[in-house]
Amino acid sequence: MTDDLADAAARPTPVRLRSALGALPEYTPGRPAAVRDGLTAYKISSNENPFPPLPSVLDVVRDAAGSVNRYPDMAVTALTEALAARLGVPAARISTGPGSVGVLDQLIRATCDDGDEVVFAWRSFEAYPILTTLAGAVPVQVPLAPGARHDLDAMAAAVTERTRLVLVCTPNNPTGTTVGAAELDAFLDRVPSDVVVVLDEAYLEFVDAPDAPDALAVHEARPNVVVLRTFSKAYGLAGLRVGYAVAHEPVAAALRTSALPFGVNSLAQAAAIASLDAADELDVRVKELVAERERVVAALREQGWDVPDQQANFVWFGLGDDTAAFAAACEAEGLTVRPYGTDGVRATIAETEANDRLVEVAGRFLAARP
């Protein structure tokens, strides 16, 4: 920064900004890989798919790039129809946006007035308190239960007459745990029917838990349930930003009304459709990542780590006060992980070499722990 720019940044301004910005928690993205001499550095701090896009998807993106001088289809018609056909729901129930976080932003703005409440587990997805606060609503954070799982009983008890939205992240980011179908049904029975409940399934494709809920069936049976999904994780389109919600028609219409115009770009629309067409190929990659996750979890548990049931594309270390020390130990070995205050560390399942190195570092760290 030049001296002039530094001086300008330090000067007070008469411009009036929202007071909510002062209380806004900061979203911390995964840091880039730390370069170490003699080591291949790996960024396992963001939950990215380590596989590159499929050649067939890349071909479609290249073709679509030739028309980026034109605005995209604001209604996202072709992708909406493709999703409706794939999921077996009416197209009127589909609403798209720039990643599932973009759709969630629309939903919070569509349901909450100033002072209304949004209930969610904590820790959970970092964007939840940020989007809630920006909308003028009040985040209500309910501590996780033992096993780093949602405490659905406590969440139901936290619902008040000001609650407009409840967020259930399953699998939960960053702890990787899911809610069971029976406990979810019991929870939903306790939530008033005029409160929207979001089942955030960003990591759905990695789930193999036998008791995992069928979110679309739950949605079909309950008009206040919204299912939130993304193409960023299993489909490997994180850089293109496209996600969607499945909601009953009044809610879906409200989502489209509150959407940013042209929020899903033309490349993202084309790539998402091509990815749906290549679902079988992508499923092979997902199965490989799940197998790697299970291998890593088994190795960590054999070392003595208490790893909760992991159902996403990452592993969670509940480290408490040792969080920063473990992150530093990983960084010294060319692995950039994602620390969360004094709660723990999340590490993405990545290339085999990165996973092997994570296990080695974790073993040494645990052995040296008092």
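Predicted model: local features only at pLDDT ≥ 70, side-chain atom pairs only at ≥ 80, totals over all residues.
Q: Why is Lys-233 called buried?
A: Lys-233 has a relative accessible area of 18%. The cut-off is under 20%, so a residue at this value counts as buried.

Q: Where does Lys-233 lie, and which residues does Lys-233 touch?
A: Lys-233 is in the loop that runs between strand S7 (225-230) and strand S8 (243-246). Not counting residues up to four places away in sequence, Lys-233 touches Asn-47, Asn-49, Ala-202, Tyr-203 and Phe-206.

Q: How do you know that Lys-233 has no salt bridge?
A: The nearest side chain of opposite charge to Lys-233 belongs to Glu-48 and is 8.0 Å away. A salt bridge needs the nitrogen and the carboxyl oxygen within 4 Å, so Lys-233 has none.

Q: What does UniProt place at Lys-233?
A: The unreviewed UniProt entry gives the feature "modified residue: N6-(pyridoxal phosphate)lysine" at Lys-233.

Q: Which residues does UniProt list for "domain: Aminotransferase class I/classII large"?
A: The unreviewed entry lists residues 44-359 under that name. In the model this span is 41% helix and 16% strand, and its end C-alpha atoms lie 13 Å apart.

Q: Are Cys-169 and Cys-330 buried or exposed, and why?
A: Cys-169 has a relative accessibility of 4% and therefore counts as buried. Cys-330, with a relative accessible area of 0%, is buried too.

Q: How do you know that the length of helix H13 agrees with its number of residues?
A: Helix H13 (residues 352-368) has 17 residues, which at 1.5 Å a residue should span 24 Å. The expected span is taken over one less than the number of residues. The end C-alpha atoms of H13 are 25 Å apart, so the two values agree.

Q: Which residues of H13 are buried, and what do they pack against?
A: The buried residues of H13 include Ala-354, Leu-358, Val-361 and Phe-365. The buried residues of H13 pack against several elements, among them strand S1 (42-43), helix H11 (279-303) and helix H12 (323-332).

Q: Why does Gln-106 count as buried, and where is its place?
A: Gln-106 is in helix H4 (residues 99-111). At 4% relative accessibility, Gln-106 is under the 20% cut-off and therefore counts as buried. Its contacts beyond four places in sequence include Ser-95, Leu-255, Ser-258 and Ala-259.

Methods
Residues numbered from 1 in each chain as written. Heavy atoms only, no water. Helix = DSSP H or I, 4+ residues; strand = E, 2+ residues; numbered from the N terminus. Buried < 20%, exposed > 50% of the residue type's maximum accessible area, 1.4 Å probe, protein only. Lys, Arg positive; Asp, Glu negative; His and termini not counted. Contact = heavy atoms within 4.5 Å. UniProt positions renumbered as here; feature names shortened; annotations may be inferred.
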